[in-house]
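Here are my notes on the model for a colleague who has not seen it before. They are set out as numbered points, to be read beside the structure.

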2 protein chains.
Amino acid sequence: MYREQIKVLDCTVRDGGLINNHNFDQRFVREVYKAVSASGVDYMEIGYKNSKSLFSSKEFGLWKFCDDDVIRKITEGIESSTKIAVMVDVGRVDLDDVKPASESPVDMIRVASYVKDIDKAIFMANHFFDKGYETTINIMAISRDQGTELEEALHQIEQEAKVGAVYIVDSFGALYQETTEHLVKLFKKILKTKEVGFHGHNNQQLAFGNTIEAIIHDANYMDGTVYGIGRAAGNCPLELLIGFLKNPKFDIRPILDLISNELVPLRNKIEWGYIIPYAISGMMNEHPRLAMALRQSAGKENYREFYESLMNPELD
Amino acid sequence: MYREQIKVLDCTVRDGGLINNHNFDQRFVREVYKAVSASGVDYMEIGYKNSKSLFSSKEFGLWKFCDDDVIRKITEGIESSTKIAVMVDVGRVDLDDVKPASESPVDMIRVASYVKDIDKAIFMANHFFDKGYETTINIMAISRDQGTELEEALHQIEQEAKVGAVYIVDSFGALYQETTEHLVKLFKKILKTKEVGFHGHNNQQLAFGNTIEAIIHDANYMDGTVYGIGRAAGNCPLELLIGFLKNPKFDIRPILDLISNELVPLRNKIEWGYIIPYAISGMMNEHPRLAMALRQSAGKENYREFYESLMNPELD
C-alpha cells in the first residue's frame, strides 16, 4: 500500500555541498541527476541560490549560486521528469537575480528560515510564487524552537504564505520519534491548506526513523540524500527511503549504482556520517559547528573532552 | 522522566564476536567490562556457552565457550554491579557443562531460539533457572516468524517458561517502527508475567529507532553494543541508548572513552555498520549471510548485481 501524495526530494548536491564548499564537479552532478531521474525521485535540489555580491565565486563552487545556465548544462540531454529545486536563505539572495520560472530550469524554490525570520521567509516565498515557482518554507533548528513562537509562525504561514509545503528541519539531529510525531501533528493541525515536509539529520542515526515517523503521521514531502551525504552526520539515506516506500514509480537500482560508482569513493575523500562528536551534538540539541571544528583538529577522537565541553561550557 | 524498570544489556563481546570468531583478547574484554561497569549498564553479555565437543577451541576464541575461569579473569579486581550474561543456542550447549549459579560468575543465561525450537528453548531455560540463573528466551528472526506459530510459542512460554524476559530479536534488521510496535504489543498482551526485551540489528539504521519504539510501548530489556559493533550491520549503539535514557544511574563518558581508545581503532581492522548490501538484506527481510559473503569477494561494491540476485534468486 502506498500513498500517492508522497513526494521525495533528493538534496545530495545541496546538503552535500556544505561539506566541500559546493565544489562538486559537473560530471558528478550530472551523474546524480541521471540516477535520481531514473529512480523516479520527484525533485532534485541542486544547490543554493546565493547572491554573488555576498559570497565570492572564487571561494565557493557553482552550487552555492546555481546560475540557470549552469543548471541547464546538467540537465541537458537527460530524459527526466524530476523537477529541479534550489534553496535560498533569508537575507542571502538578491531577488532580482531570480528570473520568472518560465525562463528558468528551476521548478521549485525552498526558503530556509529560522522561526524568528518567518516574516522575511513568507515575503520571499510569495515573491518566488508570484514569479511562477513552486515554493516551500523550511523551518530550521526546530528542536530549539518549539514554543509559542513556532505556533505563531505556523499560523502566519497558513494565513499569508503561498507555499505548497512547510518543512520540519531537524538541523541538529536532536529529534526522537515522539518529538517528531508531536511536531508533525502540530504542523498538520495549523497548516490546513499546506503539505508538511520532513528533513532529518542523522546525528543519532534517527534521520530515517524520524522520516518514517513523519510519514506515519501524514507528512508528504520527504528529503533524502544518496548514501546519506550531508553536513556533519549527514541526512536520511535516500536509498533507505526508496526501499521503504511502496510506490511502484520508484526504482532503487540507479541509486545503488550511484553509490557504488560515486559515493563510496567520495566517502574515502570527505567525511560524513555516524561520528561520535556529531552524535553528542545531537543528544545535546546543539548545532554541529563545534563538532565540525573538533573533527578538523588534532583532538578529533577526544570524545569525552568534547562531551564535557558541551556539558560545561566556559562562560565569558 | 525515566522508567526504573528499564534494564540495559551490553552485548559488545558476544555479538561483536560473530565478526572475529570470538577472538577478542582478554585485555579488550576487560576494558569493555570496566567501561560498562563504570557506565552503570545492568548486564554485560560476554559470549556464548557452546559445547567444546561441537566446536573446536582452535578455530574459535574464548568467547565461544565462556569457561567460568576465563570470565573470572575478566571481572577480577574491577568494581562493578554489572551482571554477567552468556548466550546459549538451542542444541549447541552441553547442559552438564553449566555449573549451578552459586558456583559461577555468570548471573544470566539467555537462550536464543527460533520459533520452531521453542519447546527446546523452554526446557533449557527452565533447566538453567533451576540451577539458579536469571534466564531469558530470545526469539530470533522474528521478522520472518510473525504468524500463529509465534503466538502459540508466546502462550507456551507464558505458561511453561521460567524466564524473566522474552526478547524480540530483529536478526535481519528488517523491522520498521510499525512492525516493532505491533510485536511489542503482541508480546505484552500474551506475556502477562514476563518482561519484553528488544534486540535490533542496524541494517537500515533503525536499530536505535526501533529500540526507542519498543521502550515507548513498554519493553524494558534493551540490548546495545558499543559503537554498534556486531555481525554485519551491527546493533543498536549503546552510547545512543545511554544518551537517550534519562535514568541518572547511567554515565555515557566511560563508553565514549572506550570508543575513542578501542572501537575506533578496531573499526579500521574489522568491518561492521551501514554497508549497502546489509541494507539491501534488511529491506528484503533476508539473513545477512549472502551479503557477508559478498563483502569477502571481489564484487563487494556491486550493489545492483547483489540486489538483482536477491530479487531473482536462481532456483535449482
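1. Helices here are DSSP runs of H or I with at least four residues, strands are runs of E with at least two, and both are numbered from the N terminus. For background, most residues other than glycine have a negative phi, and most peptide bonds are trans.

2. This is a predicted model, in which local features need pLDDT of at least 70 and side-chain atom pairs count only at pLDDT 80 or more, while totals for chains, interfaces and linings use all residues. Residues are numbered from 1 along each chain as its sequence is written, and chains are lettered from A and ligands numbered from 1 in the order in which they are written. The mean pLDDT (the predictor's confidence in each residue, from 0 to 100) of chain A is 96, and 99% of its residues reach 70 or more. The scores of the model are ipTM 0.95 and pTM 0.96.

3. Helix H10 of chain B, residues 276–283, is mostly covered, with eight of its eight residues buried. A residue counts as buried if 20 or more other C-beta atoms lie within 10 Å of its own, as exposed if 12 or fewer do, and as partly exposed in between, with C-beta atoms placed from the backbone. The buried residues of H10(B) include Ile276(B), Tyr278(B) and Met283(B). Their cover includes H8 and H9 of chain A, together with helix H11 (289–295) and helix H12 (303–311) of chain B.

4. H10(A) is largely enclosed by the rest of the structure, because eight of its nine residues are buried. Among them are Pro277(A), Ile280(A) and Ser281(A). What covers the buried residues of H10(A) includes helix H11 (289–295) and H12 of chain A, and also helix H8 (238–244) and helix H9 (253–267) of chain B.

5. How many residues does each chain give to the contact? Chain A gives 29 residues and chain B gives 29 residues; two residues are in contact if their C-beta atoms, placed from the backbone, lie within 7 Å. On the side of chain A that touches chain B, the elements giving two or more residues are helices H6 (177–190), H7 (207–216), H8 (238–244), H9 (253–267), H10 (276–284) and H12 (303–311) of chain A. H9(A) supplies the largest share of that side, six residues. The residues of that side of chain A divide into 15 nonpolar, seven polar and seven charged. Here Ala, Val, Leu, Ile, Met, Phe, Trp, Tyr, Cys and Pro count as nonpolar, Asp, Glu, Lys and Arg as charged, and the others, Gly among them, as polar.

6. Chain A is superposed on chain B by a rotation of 180° with 0.0 Å of shift along its axis, at an RMSD of 0.0 Å. That is the relation of a two-fold axis. Both copies use the same surface, since 100% of the contact residues of chain A recur in chain B. Copies are superposed by least squares on the C-alpha atoms of residues with pLDDT of at least 70 in both.

7. Chain A has twelve helices and eight strands. The C-alpha trace of chain A spans about 55 × 50 × 45 Å along its principal axes. Buried residues make up 52% of the 316 residues in chain A. Of the contacts in chain A between residues at least 6 apart in sequence, 77% join residues at least 24 apart.

8. Phe172(A) is found in the loop between strand S6 (165–169) and H6 of chain A. It counts as buried, with 25 C-beta neighbours inside 10 Å. Phe172(A) and Asn285(A) are 113 residues apart in sequence, yet 5.9 Å apart in space, C-alpha to C-alpha. The residues that Phe172(A) touches include Ser281(A), Gly282(A) and Asn285(A).

9. Two loop residues of chain B also deserve a look. Asp218(B), in the loop between helix H7 (207–216) and strand S8 (221–224) of chain B, has a positive phi of about 80° although it is not a glycine. Asp218(B) is partly exposed, with 15 other C-beta atoms within 10 Å. Ala232(B), in the loop between S8 and H8 of chain B, has a positive phi near 60°. Ala232(B) is buried, with 27 other C-beta atoms within 10 Å.

Notes
Lists of a residue's contacts leave out its neighbours within four places in sequence.
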